Amino acid sequence: MDQALSSKKMIALYLAPGLLLLLALVYIPIFQTGYFGLMDWNGIGEMSFIGLENYTLLIQDAAFWDSAWHSLLLAVFSALSLIGYLLISLVLAGKIKGANFLRKIYLVPMLLASVAIAQLWMKIYHPTNGILNTLLMSIGIENPPAWLAEPSLALFAIFIPIIWQYAGFYILIYYAALKNIPESLVESAKIDGASAWDIAWKIKVPLIMNVIKVTIVLAVVGSLKYFDLIYVMTNGGPNGASEVMASYMYGQAFSRFDFGYASAIGFFLLVICLLITWLIRKVTVSDEDIQY
Amino acid sequence: MRNEALTEKQTALARQKAAEQQKGKIRHTISMTLLYIVLAIVGVFQILPLVWLVLFSLKNNQEVFELSPFALPATPRFENYIRVWTEGNIGQYFFNSVLYTGSAVVLTILFASMATFALTRMKWKKSSLFLGLFMVGLMIPVHSTLIPLFNTFSNLDLINHPLSIILTYTAFNLPITIMILYGFYQVLPREVEEAAIMDGASVHRIFFGITLPMTAPVIATAAIINMIYNWNEFVFINTFISADQFKTLTVGIQNFIGQYSTDWGAIGATLVISILPILIAFIFLSDRIVEGISAGSVKG
């Protein structure tokens with residue numbers, strides 16, 4: 001009876017459209033990026049093979065390492081903010097009325113286009129008429145900073161809307177995981193006299209450790225390849241102060257037309273992301289055997 | 001006498017206990033109130049920028065600069081909306097966004113459903129290997145594919161062509177869509193499909209006639225998630241499309257706003273128009289969106 005469903009031809013036919021698209025537009029391009037990274041190429045003319053020269057250049061490129069440092073800062077910042085999201089979720093998943101409504105409200109910014117978010121926050125940070133400086137001036141601060149134009153502040157000023165954008169996403173994930181913990185486990189701990197704090201940190205958090213692990217990977221890798229808000233709000237400026245790896249790569253390719261060098265950065269980005277994913281999964285303890 | 005003393009003692013004890021309980025209750029109420037306040041502050045922080053956006057989209061510059069940020073304008077200036085809709089190409093961008101989003105969603109759902117069907121319903125040995133092959137796509141940074149894609153589309157004359165966008169969106173959304181569908185397919189009972197095989201139905205008949213209709217709920221969930229991603233996408237459209245008539249709202253408003261850089265009302269109105277479809281979808285489909293985001297983000 002299984003003959004129809006085990007026909008090789010049928011299996012191939014059903015896999016083919018998706019698999020071919022994925023190969024053509026995702027997997028083959030990453031190998032091409034590796035290949036282009038070995039070339040001197042402006043994107044239009046002939047390519048010439050230069051071996052690892054782009055990578056030796058990359059190692060010495062201070063502007064690139066600045067951008068890598070900014071990406072790393074964002075990664076650390078995002079990973080730390082997970083603690084806050086976890087705390088909010090622990091409260092939310094307790095016996096809170098309207099929790100479902102609240103977590104949906106939290107999610108709204110995540111659904112909006114990065115470009116719209118970027119434009120909105122550029123207005124919020126507007127030096128004279130933005131809501132932030134209007135507020136600061138109304139409480140007596142006379143010369144509030146020009147946030148996005150301030151080299152020492154621009155990067156951190158962009159971190160805030162990134163947090164704003166993703167908060168609801170992580171809270172949603174934690175909330176769903178916490179709601180999956182069987183009530184009986186929590187009840188028996190309560191009977192044994194455990195405090196709410198103990199129940200949260202000694203029972204609930206260890207039980208959702210696998211989910212926490214996934215969110216750490218998502219937050220760190222997502223930060224390392226982060227692009228949208230930075231590109232729109234400051235395009236890496238002022239003077240590289242908010243440049244991250246992806247925006248640096250984009251500028252090298254589509255403003256300076258150094259496609260070979262940009263490909264090398266793109267390939268480096270890929271390797272870093274895969275490496276970090278593997279590393280975090282390896283380092284964080286495995287809780288495969290936790291059952292509930 | 002003795003009895004009376006005893007009861008007195010007992011009532012005192014009971015009273016003390018009640019007072020303690022009362023205290024505990026008060027403490028509980030206070031801490032709950034504090035928690036609600038914290039949660040509410042987070043909620044306000046998430047929503048307030050959007051309220052401010054809607055308010056300044058209904059003001060002219062003078063009102064933006066002179067009124068307090070959350071003051072209502074004397075008369076809401078809906079003409080801002082009419083102006084940006086008629087002056088710029090917002091209508092065209094809007095149409096393109098709908099076209100690219102819609103086409104890519106249909107293709108993604110169809111191809112992902114076919115692949116998931118092959119991975120979960122057909123009998124072969126390498127299915128988990130191929131599932132892994134699809135899932136690796138989740139880890140690839142977009143920027144690591146951008147230059148080859150740009151190059152390939154240039155060679156094929158697909159720069160400034162809707163096809164480059166629709167195909168890219170489809171490909172990049174396949175892994176997450178398969179992930180969402182896969183969970184549902186696995187718990188879906190196979191009896192109906194098996195009965196159809198007994199009756200000699202063809203594979204196509206089973207897939208299109210039985211499996212697709214049975215998976216309608218998860219298709220709806222996956223579709224709304226795809227829709228949001230495509231509607232908001234920026235990097236590909238910014239890279240592959242430069243001709244105005246092919247732009248979507250995300251890049252369109254980016255350029256359009258540059259032109260109105262000092263007109264707050266116009267910028268606000270443009271932004272509201274661009275996010276409105278997503279907000280409307282959210283109001284009606286928030287449960288599906290929540291479900292889709294959870295299913296598409298974490299699998300142990």
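Me: How much area do chain B and chain A bury between them?
Reply: Keep in mind that this is a predicted model. The size of an interface is often given as the accessible area lost when the parts come together. Here 79% of the area lies on carbon and sulfur atoms, and the total that chain B and chain A bury is about 8,100 Å².

Me: Which residues of chain B lose the most area to chain A?
Reply: On the chain B side, 89 residues are in contact with 84 residues of chain A. Three of them top the list, and together they make up 9% of what that side buries. They are Gln46(B), His143(B) and Ile147(B).

Me: Which residues form a salt bridge between chain B and chain A?
Reply: Side chains of opposite charge can pair when their charged atoms come close. Across this interface the rule finds one salt bridge, with its closest N and O atoms 2.7 Å apart. The partners are Asp287(B) and Lys104(A).

Me: How many residues on the side of chain B that touches chain A are charged?
Reply: Polar contacts between chain B and chain A come to 19 residue pairs. Sorting the residues of chain B that touch chain A by class gives 63 nonpolar and 22 polar. The charged ones number four.

Me: Okay, on to the second largest pocket: which helix gives the most to its lining?
Reply: This pocket has a volume of about 980 Å³ and is lined by 25 residues, with Leu90(A), Gly94(A), Lys95(A), Ala196(A) and Lys204(A) nearest its centre. At least two lining residues each come from α3, α7, α8 and α9 of chain A and from α1 of chain B. By class, the lining has 17 nonpolar, three polar and five charged residues. With six residues, the top contributor is α9(A).

Me: Where in α9 of chain A do Asp198(A) and Lys202(A) sit relative to each other?
Reply: These two form a salt bridge, with the closest N and O atoms 3.5 Å apart; over all chains the structure holds eight salt bridges. Asp198(A) and Lys202(A) are four residues apart in helix α9, so their separation is about one helical turn.

Me: Is the peptide bond from Gly237(A) to Pro238(A) cis or trans?
Reply: Most residues other than glycine have a negative phi, and most peptide bonds are trans. Pro238(A) is in the loop between α11 and α12 of chain A. With omega near -10°, the bond from Gly237(A) to Pro238(A) is cis.

Me: What phi does Asn239(A) have?
Reply: Asn239(A) also has its place in the loop between α11 and α12 of chain A. Asn239(A) is not a glycine, yet its phi is positive, at about 55°.

Technical notes
Residues numbered from 1 in each chain as written. Chains lettered and ligands numbered in written order. Predicted model: local features only at pLDDT ≥ 70, side-chain atom pairs only at ≥ 80, totals over all residues. Heavy atoms only, no water. 1 Å grid on protein atoms, 1.4 Å probe; cavity = no way out; pocket = protein on both sides within 12 Å on 5 of 7 lines; lining within 4 Å. Points joined across faces, edges and corners; volume = space filled by probe spheres on them. Nonpolar A, V, L, I, M, F, W, Y, C, P; charged D, E, K, R; others polar. Contact = heavy atoms within 4.5 Å. Buried area = accessible area lost by both parts, 1.4 Å probe. Salt bridge = Lys/Arg side-chain N within 4 Å of Asp/Glu carboxyl O. Polar contact = N/O pair within 3.5 Å; in protein donor to acceptor, adjacent residues only side chain to side chain.
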